[in-house]
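This report concerns helix packing, nonpolar cores and selected residues of one protein model. The sequence and the structure are shown first.

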Amino acid sequence: MTLIKKFSNGICHLQLNRPAKKNALNAGILSELTRFFEETATSSQFHVLVLSGNGGFFSAGADLDWMRQASSQSHEQNLADAHLFNRLYAAMFHYPKPIVLRVDKGAYGGALGLLACADVVTCGSDARFAFSEVRLGLVPATVAPWVVQRIGAAKARELFLSAAPFDAETARAAGLVNHIFPGEKLDLKTRELATQIAQNSPTALRATKVLLNRLALSVVPVDEDLQAYCAGLIAEARTAPDGQEGVAAFFEQRKAKWNNSQGG
C-alpha cells in the first residue's frame, strides 16, 4: 500500500507510504496518487486534503532505481513514464479541494512539483530542498511549468541551473513554502491550518480554487503541447549519455564524468 488515508472532521490525511525509499516516486505511487485525485474530486466525504510523507520525510523525488531502467526501455516507454508525472501534476493542480502539503525533513526533484501544485505548503525549520536534476545529467522538465507558475521564471532559473540544496527560509522566500514551523509543532500547526480551511463553505472553496487556477493558467498556460514537449525532454535525457552517467555516478558514489561535446 503506497498511500495511507485517514479521515476526520472533513479532512483527508493522505500519506505517501514508501518510507524505506524516503517516499521516492515511481510508476506505482504516481499512478495511485493520480487515481486518488481523479476519483475523489467530487467526493463529499471530505473537503480539505492534507498530503504528507510517512516515516518522517516527505519525498526524495523520482525513484532513481526506477530511473535506472531507462537505458533498457524504448523512447516510447520513457515518454510514458514522463507522462505519469504530467498527469499527476495536472490532476493535483486542478483538484477542486484545497490541498495543504506538509514537508517533513525534505523534498527533492520531482517531489517539488507536488509543492508547486498544492495550495498551502508547510515545512519544518530543518527542511531541505533541491532541484537536483541537472546534477544527475537530467532535466527538470515535467516540474518546470508548475514551478515557474508558482515562483516565477527568475527564481526557477537559479534553482534549476545551480541544483544547489536550499533551506526552508529560501523556499519560503521563493514562494514554494508558505509556513515554517518548529519540527515538533509541524504536524499540529498543519492540522490547525487544515481545520481552519475546512470550516469554510465547501461550495465557495471549490469555486475559489477554480477561479485561482483559471487566473494562474492565464499567466502561464500549461497546455497539452507544453506537457508533451516537457515529457519529450525528460524521456530523451533519461537515455542520453549524461543521464546514464549521472544516475550511475549517484549509485556508485563518485563524481560524474560528463560528455563535454556540444552539438551544432
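In which hand does α3 pass α10, right-handed or left-handed? The crossing of α3 past α10 is right-handed; a crossing is left-handed if the near helix is turned anticlockwise from the far one by less than a right angle, and right-handed if clockwise. Helices (H or I, at least four residues) and strands (E, at least two) are DSSP runs, numbered from the N terminus.

The model is a predicted one, in which local features need pLDDT of at least 70 and side-chain atom pairs count only at pLDDT 80 or more, while totals for chains, interfaces and linings use all residues. Residues are numbered from 1 along each chain as its sequence is written, and side-chain values use heavy atoms, with hydrogens and water left out.

## Helix packing

Two packed helices are described by the angle between their axes and the distance between the axes. Axes are lines fitted to C-alpha atoms, for helices over the stretch in contact, and angles run from 0 to 180 degrees between N-to-C directions.

| Helix pair | Angle | Axis distance |
|---|---|---|
| α3 and α10 | about 135° | 8 Å apart |
| α10 and α11 | about 65° | 4 Å apart |
| α5 and α6 | roughly 130° | within 7 Å |

Angles under 35 degrees count as roughly parallel, over 145 as roughly antiparallel, 65 to 115 as roughly perpendicular and the rest as oblique. On this scale α3 and α10 are oblique to each other. Contact means heavy atoms within 4.5 Å. On the α3 side, the residues that meet α10 are His75, Asn78, Leu79, Asp81, Ala82, His83, Asn86 and Ala90. Their counterparts in α10 are Gln227, Ala228, Ala231, Gly232, Ile234, Ala235, Glu236, Arg238 and Thr239. By class, this contact of α3 with α10 holds seven nonpolar, seven polar and three charged residues. For this division, Ala, Val, Leu, Ile, Met, Phe, Trp, Tyr, Cys and Pro count as nonpolar, Asp, Glu, Lys and Arg as charged, and the others, Gly among them, as polar.

Helix α10 (residues 224-239) also packs against helix α11 (residues 241-252), at an angle of about 65°. That angle makes α10 roughly perpendicular to α11. Ala237, Arg238 and Thr239 of α10 meet Pro241, Gly243 and Gln244 of α11. Two nonpolar, three polar and one charged residue make up the contact of α10 with α11.

For helix α6 (residues 153-162) and α5, the axes cross at roughly 130°. That makes α5 oblique to α6. From α5, the contact involves Ala144, Val147, Val148 and Ile151, and from α6, Ala153, Lys155, Ala156, Leu159 and Phe160. The contact of α5 with α6 comprises eight nonpolar residues, no polar and one charged.

## Nonpolar cores

A nonpolar core is a set of buried Ala, Val, Leu, Ile, Met, Phe, Trp, Tyr and Cys residues joined through side-chain atoms within 4.5 Å. Buried means under 20% relative accessible area, exposed over 50%, and partly exposed in between (1.4 Å probe, protein chains only). In the largest core, of 55 residues, those touching the most other members are Phe37, Phe58, Leu101, Val103, Leu115 and Phe129. Helix α3 (residues 75-93) supplies the largest share of this core, seven residues. Another core lies apart from it, with 11 residues, including Met67, Ala82, Leu138 and Ala237.

## Selected residues

Strand β6 (residues 120-124) contains valine 120, which is buried at a relative accessible area of 17%. Beyond its neighbours within four places in sequence, valine 120 is in contact with Ile99, Val100, Leu101, Asn178, His179 and Leu193. Its C-alpha atom is separated by 7.4 Å from that of valine 177, 57 residues apart along the chain.

Threonine 122 also belongs to β6, and its relative accessibility of 0% counts as buried. Not counting residues up to four places away in sequence, threonine 122 touches Leu101, Arg102, Val103, His179, Phe181, Leu186, Thr190 and Leu193.

Glutamine 149 sits in helix α5 (residues 144-151) and is buried, with a relative accessible area of 19%. Residues up to four places away in sequence aside, glutamine 149 touches Phe93, Ala216, Leu217, Val220 and Val222.

In the loop between β1 (3-8) and β2 (11-16) lies asparagine 9, with a positive phi near 50° in a residue other than glycine. Asparagine 9 is exposed, at 73% relative accessible area. Lysine 22, in the loop between β2 and α1 (27-40), likewise has a positive phi near 50°. At 46% relative accessibility, lysine 22 is partly exposed.
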